[in-house]
Amino acid sequence: MSENAFEGLGKEIQQLIAEVTGKSMEDLRPEANFWEDLGIDSIKAIEITVAIERKYKIRIGDEQIPQIMTVGKAVEVVRQALEKKKNA
Amino acid sequence: MHKKRIVVTGIGPMASVGVGKDLFWKGILDKNINISLEKTCIDSELWDEFYLHKINNFSINDFGIDKERLNDIKEWKDGGSVLELDYLIALVKLALDDSKLNYNASNNDIGLVLAHENLGIMQFAYQISDLAYEGLIDKKRSDLSKRDFFDEFYRKFLKIGYDIQTFPDLFHIARVFNIRNYSLFINNACASGLYALEAASNVINSGQAKAMVIAVSDCPEIYKYIWFKSLGIYSVDGICRPFCKNSNGLVFGDGGVGMVVEDLEHARERGAEIYAEYLGGGFDLEGWKITVPQLGSDSYQKAMQKAFAQSNVNKDEIDLLCPHGVGSQVIDYYEAKAITDIFGKNPQKPLMTTFKPYVGHNLGGSALLETAILLLSLKNNVIPPTLNYDEPDPKFNISLVKEKKEVELKTVMKACCAFAGFNAAAIFRKID
């Protein structure tokens, strides 16, 4: 997979983050750091969490929120949460 | 049942700006904020340090409290003392003295509400850590079965562990002041003070007491600092800048406040000085996360609207609003959104100011401690400006008072958005 090529769930999350932040899909590379590379602040980071939880009907823990600093990490957190939900 | 009118007749604050109502208010007006770098050492080795609005040279013996009763507490504590408990005792004394209520008779009409987030926990944690460390260096794990270790450990901490339950504190404090009426301990994080006020007011309305003394406090300790630092919301330079572009977090504040509330008729009968009427409070529990508010929710707005409904007050009647104003980008944003949803963007009214830059963030005691400043502002028709408000962030769409203002105030509101989503607002009005 090329650096900017998300598919399936990854693509959906990338789109969601683009909608919340107003950033382009091209900017939202998997490893691009929200704060350092994209200028996404802590307020937007919380808004991303709210949007993700609503869309996937999952619960992200307080301590996971600061970890969501890239699209790639967001995808990982959502995958884990969906898996947990499935096994519950 | 006819709802009684509840009035505030005693204010006993204690913070870095001063101890006791008069010194405290003078300290606010003089901007005597007294921030120091608090160092925590373990066996003289520096563990960590953080900025704190600090009370210097506190001694419970300076408050004219019955020595025999204080000794009884000391005896129960096996000769030790718990600073937070001493703070609460001092705050009750300051508030009762200010109210001039007679509490010497054992059949007095006074009840008690206490609020604190973590009373006694630090002494407990220190002792546990100490024993665990000593255990580690004296013994290998194989020397002791886990069962025997637990048994020894629990026996060591039986008393102090039992004592961090909050009811003994109610017992001790009520006993010092001959309080035999309804009593209650509350913890709703930073909003505890407003919950305590509402609870005290409900107790009076139920007829269980004519007057209630409330004491709320926090004594910020290192473990809370480490937690807040890890969350990225503790100011690294010790400067709290509410609703600013360059805000970088909160700074803890030592102390708390005692407050007496009573039935208006009772207050008038005894010729009490009345600071204000508590018209009502609004409370909403967001219930999203413990440490982060849910941006986009309307929980805080609901708390404010409930306060208007309970108080029978129109939002346009609010002359002065004191928000939580912690100086964290996320929390300030959440709060500004709620304020502008209620009052409109960049409202001319109400005027707004925040008090954490004066007294720090007193956590469980903060909402009522800041209410005390608000009530003194109301009484004196003086609005202390928000300190450190040098770079207001236009994205918040609100403006705070920058210079001291002398203006006729009639109706004021305190609002608070606490951890765990305990959102609260309370409205007060001057009595003619």
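# A tour of chain B

Start with β3(B) and β4(B), which pair in the antiparallel sense over eight bridges. The model is predicted. Next, follow the loop between β3 (35-42) and β4 (45-53) of chain B, where Ser44(B) is placed. Ser44(B) is not a glycine, yet its phi is positive, about 65 degrees. Is Ser44(B) buried or exposed? Ser44(B) is exposed, because 5 other C-beta atoms lie within 10 Å, and the exposed class takes residues with 12 or fewer.

Three strands form an open sheet here, in the order β3-β4-β8 of chain B, and the pairing is mixed. The edge strands of this sheet are β3 and β8 of chain B, each of which pairs on one side only. Strands of a sheet pair through backbone hydrogen bonds, in either the parallel or the antiparallel sense.

From β8(B), step back into the loop between α9 (222-230) and β8 (252-253) of chain B and pick Phe243(B). Phe243(B) is not a glycine either, and has a positive phi of about 55 degrees. Is Phe243(B) buried or exposed? Phe243(B) counts as buried, because 28 C-beta neighbours lie inside 10 Å; the cut-off for buried is 20 or more.

Select residues 6-15 of chain B, which make up strand β1. Of these 10 residues, 10 are buried, so the strand is largely enclosed by the rest of the structure.

- Strand β9 (residues 255-263) of chain B runs antiparallel to β1(B), and eight bridges join the two. Here Val8(B) stands opposite Val261(B).
- Strand β10 (residues 276-285) of chain B pairs with β1(B) in the antiparallel sense over three bridges. Here Val8(B) stands opposite Ala276(B).
- Strand β2 (residues 18-19) of chain B pairs with β1(B) in the antiparallel sense over two bridges. The bridge partner of Met14(B) in β2(B) is Val19(B), and a hairpin of two residues joins β1(B) to β2(B).

In a regular strand the side chains alternate between the two faces of the sheet.

**The nonpolar core**

Keep Val261(B) selected and show its contacts. Leaving out residues up to four places away in sequence, Val261(B) touches Ile6(B), Val7(B), Val8(B), Leu197(B), Ala200(B), Ser201(B), Ile204(B), Met212(B), Ile214(B) and Tyr278(B). Val261(B) is also among the residues with the most contacts inside the largest nonpolar core, together with Ala196(B), Met212(B), Ile214(B), Leu368(B) and Ala424(B). This core has 151 residues. Which helix of chain B gives the most to this core? Select residues 83-99: helix α3 of chain B gives the most, with 10 residues.

**A cis peptide**

Move to the loop between α12 (329-343) and β12 (351-352) of chain B, where Pro350(B) lies. The peptide bond that joins Lys349(B) and Pro350(B) is cis, with omega about 5 degrees.

**Two domains**

Colour chain B by its domain assignment, which gives domain 1 (6-120 + 164-429) and domain 2 (122-163). Taken over C-alpha atoms, the centres of domain 1 of chain B and domain 2 of chain B are separated by 36 Å. The contact takes eight residues from domain 1 of chain B and nine residues from domain 2 of chain B. On the side of domain 1 of chain B that touches domain 2 of chain B, four residues are nonpolar, two polar and two charged.

**The contact with chain A**

Show chain A as well. Its contact with chain B takes nine residues from chain A and 11 residues from chain B. The side of chain A that touches chain B has five nonpolar, one polar and three charged residues.

**The whole of chain B**

Finally, zoom out. Chain B has 14 helices and 16 strands. Along the principal axes, its C-alpha atoms fill a box of roughly 70 × 55 × 40 Å. The radius of gyration of chain B is 22 Å, which agrees with the value near 22 Å for a compact globule with 432 residues. Of the 432 residues of chain B, 51% count as buried. Among contacts in chain B with a separation of 6 or more, 80% are between residues 24 or more positions apart.

Definitions and conventions:
Residues are numbered from 1 along each chain as its sequence is written. Chains are lettered from A and ligands numbered from 1 in the order in which they are written. Helices (H or I, at least four residues) and strands (E, at least two) are DSSP runs, numbered from the N terminus. The radius of gyration is taken over C-alpha atoms; the globule rule is 2.2 Å times the number of residues to the power 0.38. Two residues are in contact if their C-beta atoms, placed from the backbone, lie within 7 Å. Ala, Val, Leu, Ile, Met, Phe, Trp, Tyr, Cys and Pro count as nonpolar, Asp, Glu, Lys and Arg as charged, and the others, Gly among them, as polar. A nonpolar core is a set of buried Ala, Val, Leu, Ile, Met, Phe, Trp, Tyr and Cys residues joined through C-beta atoms within 7 Å. Two strands pair if DSSP finds at least two bridges between them. Domain bounds come from an automatic or database domain assignment.
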